[in-house]
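Here is a friendly walk through one protein model, meant to be read with the coordinates open beside you.

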Amino acid sequence: MNQSGAGATRPQPPRPTPGAATCVIVGHGVMGRIQRAKLAELGVRTVAVVDPRRARTVLPCGAPVLGSLDEVPAPRSVGLWSICTPTAAHAAVFRRIGRLAPEADVIVEKPVCVPEDVPEMCRMLDVHPGRVSVDEHYLSSTVPEAVAAAVLAVPGATVTRVVVEMTKHRGPDRARGRFEDRALGALGYEGPHLLGVLDALGRRLGVRLLPASPATCTFDGPWGSDGSPPQDGAEVAYRTATGCEVVLHTSLVGRPRRRAQPPIPYGSRRRHRVLQVEATDREGRPWEVIGAFAPTDLRDRDTGTLTVLRDRLPLGPAQALYDDPLGRHLRRILRYFAGAGPNPAPARHCIGHVALLHQWVATARAATADRAALRPAA
């Protein structure tokens with residue numbers, strides 16, 4: 001198995017992608033701004049941004065910032081709409097877009113909606129004639145693809161364990177009101193990403209990595225007085241139908257899963273995002289394949305790494321991977337909108353992620369209540 005330490009191969013600058021030539025961005029926070037820039041690289045011009053907090057201004061690209069969807073001129077002529085508002089507003093925004101532009105093609109930032117809006121969102125999707133895709137861009141990352149290819153190269157590989165972790169200290173963002181999810185807690189932000197990575201890996205391996213046994217779900221931090229789940233971190237563990245152990249871990253306060261991994265301090269830009277697959281070959285020898293998304297020791301966020309170990313020893317230096325999941329995912333969405341490719345993230349499929357995360361929150365809430373009931377009275 002070849003494991004080169006050579007630099008990642010970078011693609012040529014992106015050419016315009018077939019599909020919508022214009023877009024309206026709804027919500028111009030961090031994700032809205034990033035998405036607008038990426039779409040511009042792909043040849044899509046933003047004709048308006050809807051964000052009441054910044055209404056009656058004009059962006060450097062010339063797009064006006066409007067206070068409401070009703071102010072968008074000629075809404076039926078817009079190539080695509082992108083919903084980048086807080087999750088709790090996704091269903092209402094989608095409903096209004098459907099009334100203004102019934103055949104609109106729409107990108108919805110993950111998660112698709114809050115759990116309580118799932119029934120309405122499904123009903124709207126059933127009758128919406130336009131194309132809808134979710135910005136769950138880890139489904140388009142090259143890291144799970146490279147990890148799967150390395151695992152499939154192991155002779156007679158049997159996958160025994162999969163760990164997906166996304167850890168960063170989100171303190172400064174949370175101080176500004178970001179990453180607070182009253183329905184899903186810490187699983188609301190990175191949870192869809194964790195499942196997206198797991199999905200991408202499973203598709204490449206040709207196996208289902210969904211739970212076949214009851215999952216355990218633990219949260220880091222206090223539960224809210226209203227019953228809302230903790231916001232600091234969460235871990236889910238279960239086994240698949242083949243007996244493979246799956247662990248999903250996220251921390252928004254910089255606490256990596258492995259104690260040996262140094263914590264990430266408040267204000268640091270470091271991140272620890274990894275996909276780790278353990279397997280045995282036909283001779284019973286242990287293998288480990290580790291893919292890292294924008295590793296902490298690399299400044300370039302478009303660079304990932306791949307490391308392969310056999311008998312717990314690396315086969316060579318880490319291999320650099322070019323990985324621009326958002327740009328690649330948006331390019332795939334535009335091809336889908338143009339009728340030139342499949343939907344990389346169907347809304348119905350991603351709603352399944354929301355339902356699964358909600359189920360895990362309910363499991364953790366019940367376990368917490370059971371522990372409280374067993375606690376001796378003061």
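A residue counts as buried when its relative accessible area is under 20%. With that cut-off in hand, look at strand β6 (residues 106–109) in this predicted model. Val106 and Val108 point one way from the strand, Ile107 and Glu109 point the other way, and all are buried.

**The whole protein**

The protein contains eight helices and 16 strands. Its radius of gyration is 21 Å, close to the 21 Å that the globule rule gives for 378 residues, so the protein is as compact as a globular protein of that length. Along the principal axes, the C-alpha atoms fill a box of roughly 65 × 65 × 40 Å.

How much of the protein counts as buried? The figure is 52% of the 378 residues. The exposed surface comes to about 17600 Å², with carbon and sulfur atoms supplying 53% of it. Among contacts with a separation of 6 or more, 68% are between residues 24 or more positions apart. As for charge, there are 49 positive and 36 negative side chains, and the centres of these two sets lie 3 Å apart.

**The seven-stranded sheet**

Strand β6 belongs to an open sheet of seven strands with mixed pairing, in the order β3-β4-β2-β1-β5-β6-β7. The edge strands are β3 (57–58) and β7 (132–135), each of which pairs on one side only.

Two parallel pairings can be followed in detail. Strand β5 (residues 80–83) runs parallel to β6 and is joined to it by three bridges; Trp81 has Val106 in β6 as its bridge partner. Elsewhere in the sheet, strand β2 (residues 45–50) runs parallel to strand β4 (residues 64–66), with two bridges between them. There, Val50 stands opposite Leu66 in β4.

Next comes a set of antiparallel partners. Five bridges link strand β9 (residues 216–220) to strand β10 (residues 233–239) in the antiparallel sense, and Phe219 stands opposite Ala234 in β10. Strand β10 also pairs with β11, antiparallel and over seven bridges; in β11, His249 is the bridge partner of Glu235. The β10 and β11 strands form a hairpin with five residues between them, and Gly243 in the turn has a positive phi of about 90 degrees.

Val246 lies in strand β11 (residues 245–251). Is this residue, Val246, buried or exposed? Val246 has 0% relative accessibility, so it counts as buried. Leaving aside neighbours within four places in sequence, Val246 is in contact with Val162, Leu198, Leu209, Val236, Ala237, Tyr238 and Thr240. By contrast, Val246 and Gly221 are 25 residues apart in sequence and 22 Å apart in space, C-alpha to C-alpha.

One of those contacts, Val162, is found in strand β8 (residues 158–168). Val162 is buried too, with a relative accessible area of 0%. Not counting residues up to four places away in sequence, Val162 touches Leu198, Leu201, Cys244, Glu245, Val246, Val247, Leu275, Gln276 and Val277. Val162 and Pro342 are 180 residues apart in sequence, and their C-alpha atoms are 27 Å apart in space.

Why is strand β14 (residues 303–310) described as largely enclosed by the rest of the structure? Seven of its eight residues are buried, so the description follows from that count.

| Partner of β14 | Residues of partner | Bridges |
|---|---|---|
| β13 | 286–292 | six bridges |
| β16 | 319–322 | four bridges |
| β15 | 313–314 | two bridges |

Ile290 stands opposite Thr307 in β14, while Gly304 stands opposite Leu321 in β16. Leu309 has Pro314 in β15 as its bridge partner. Finally, β14 and β15 form a hairpin with two residues between them, and Asp311 in the turn has a positive phi of about 55 degrees.

Terms used:
Residues numbered from 1 in each chain as written. Predicted model: local features only at pLDDT ≥ 70, side-chain atom pairs only at ≥ 80, totals over all residues. Heavy atoms only, no water. Rg over C-alpha atoms; globule rule 2.2 N^0.38 Å. Buried < 20%, exposed > 50% of the residue type's maximum accessible area, 1.4 Å probe, protein only. Contact = heavy atoms within 4.5 Å. Areas by Shrake-Rupley, 256 points an atom, 1.4 Å probe, with all protein chains shown as cover. Lys, Arg positive; Asp, Glu negative; His and termini not counted. Charge placed at Lys NZ, Arg CZ, Asp CG, Glu CD. Pairing = 2+ DSSP bridges.
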